[in-house]
Amino acid sequence: LGARLKKESLSVKVAGRSIYDVCRMPIGECFTFLTNIPLNPQEVQVTERVMKEIRQRLTFLLDVGMDYLSLERSSGSLSGGEGQRIRLATQIGSGRVGVLYVLDEPTVGLHQRDNVRLIATLKRLRDMGNTVLVVEHDQDMMMESDQIIDIGPGAGVDGGRVVFQGTPAECCASEVSLTGAYLSGRKAIALPARRRKATGRTIVLEGAHEHNLKDVDIRIPVGLFTAVTGVS
């Protein structure tokens with residue numbers, strides 16, 4: 001029935017659930033289930049090490065905002081941001097120290113809520129005794145960093161020099177850093193005064209239900225610039 005396991009394997013159950021049932025749960029629900037399994041003193045002694053390992057690994061995934069994914073999802077079906085966060089969770093779980101981590105725009109594709117979790121994860125890697133270097137344009141990430149290295153003064157062929165290096169507060173006060181001017185609010189990108197009007201024509205998608213989409217119906221206006229956003 002799609003479980004890809006033998007009947008003998010599926011007949012083994014813990015608290016009424018088979019391994020297939022557990023892998024189909026969202027990670028958040030899976031963590032709650034495994035934490036609340038009723039065990040007698042002998043079972044606690046037998047399962048202590050393996051349960052600690054399982055809960056620890058699930059905690060790492062929860063810390064980077066993966067509570068809605070199920071363990072049965074193949075890695076190829078994950079978005080770039082989801083894959084990146086799972087790799088970060090794996091690195092935290094490895095407990096390595098003295099490592100230089102270089103990340104290229106890890107906030108791409110993330111909702112602002114998940115940015116907070118990602119930043120906390122990177123700080124945790126740092127606090128374990130590692131060095132974390134992030135190439136990033138996200139304001140939250142820059143303001144939470146210990147040091148900012150501003151490359152410029154312009155983009156592409158107009159850049160290539162270190163314009164500024166120091167703390168976020170020092171960057172905001174810098175007269176030579178364009179990044180600091182925007183971080184401090186001295187410069188800002190104005191909202192458009194006029195928006196293009198809809199024509200009434202739309203592209204319609206009905207019943208989208210792949211992975212964690214729940215029978216979504218959506219109408220996309222034709223001839224407009226439309227943004228689709230949300231958590232993850």
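This is a predicted model: local features need pLDDT of at least 70, side-chain atom pairs count only at pLDDT 80 or more; totals for chains, interfaces and linings use all residues.

Biologist: How many helices and strands does the chain have?

Modeller: Helices (H or I, at least four residues) and strands (E, at least two) are DSSP runs, numbered from the N terminus. The chain has nine helices and six strands. Its radius of gyration is 23 Å, well over the 17 Å that the globule rule gives for 232 residues, so the chain is more spread out than a compact globule. That radius is taken over C-alpha atoms, and the rule is 2.2 Å times the number of residues to the power 0.38. Along the principal axes, the C-alpha atoms fill a box of roughly 65 × 55 × 25 Å.

Biologist: What share of the residues in the chain is buried?

Modeller: Buried means under 20% relative accessible area, exposed over 50%, and partly exposed in between (1.4 Å probe, protein chains only). Of the 232 residues, 26% are buried.

Biologist: How much space lies in the largest pocket, and which residues are the closest to its centre?

Modeller: Rolling a probe the size of a water molecule over the atoms shows where empty space is left. On a 1 Å grid over the protein atoms alone, a pocket is an open set of points where a 1.4 Å probe fits, with protein on both sides within 12 Å along at least five of seven lines; lining residues have an atom within 4 Å of a point. Grid points are joined across faces, edges and corners, and a volume is the space filled by probe spheres set on the points. Here the largest pocket holds about 1,100 Å³. It is lined by 32 residues, of which V134, E136, M142, I148 and I149 are the closest to the centre. Elements supplying at least two lining residues each include α6 (112-127), β2 (131-135) and α7 (139-144). By class, 16 of the lining residues are nonpolar, ten polar and six charged (Ala, Val, Leu, Ile, Met, Phe, Trp, Tyr, Cys and Pro count as nonpolar, Asp, Glu, Lys and Arg as charged, and the others, Gly among them, as polar).

Biologist: Which element gives the most to the lining of the second largest pocket?

Modeller: The second largest pocket has a volume of about 850 Å³. Its lining has 37 residues, with L34, I54, R57, L58 and L71 the closest to the centre. Helix α4 gives the most, ten residues. The lining divides into 23 nonpolar, nine polar and five charged residues.

Biologist: How many salt bridges does a search of the whole structure find?

Modeller: Side chains of opposite charge can pair when their charged atoms come close. A salt bridge is a side-chain nitrogen of Lys or Arg within 4 Å of a carboxyl oxygen of Asp or Glu. The search finds five. In one of them, R117 and D67 have their closest N and O atoms 3.7 Å apart. R117 is in helix α6 and D67 in the loop between α4 and α5, so the pair ties together parts 50 residues apart in sequence.

Biologist: Which residues are linked in a network of salt bridges?

Modeller: R126, D127 and D146 are. The D146 and R126 side chains meet at 3.0 Å, N to O.

Conventions
Residues are numbered from 1 along each chain as its sequence is written. Side-chain values use heavy atoms; hydrogens and water are left out.
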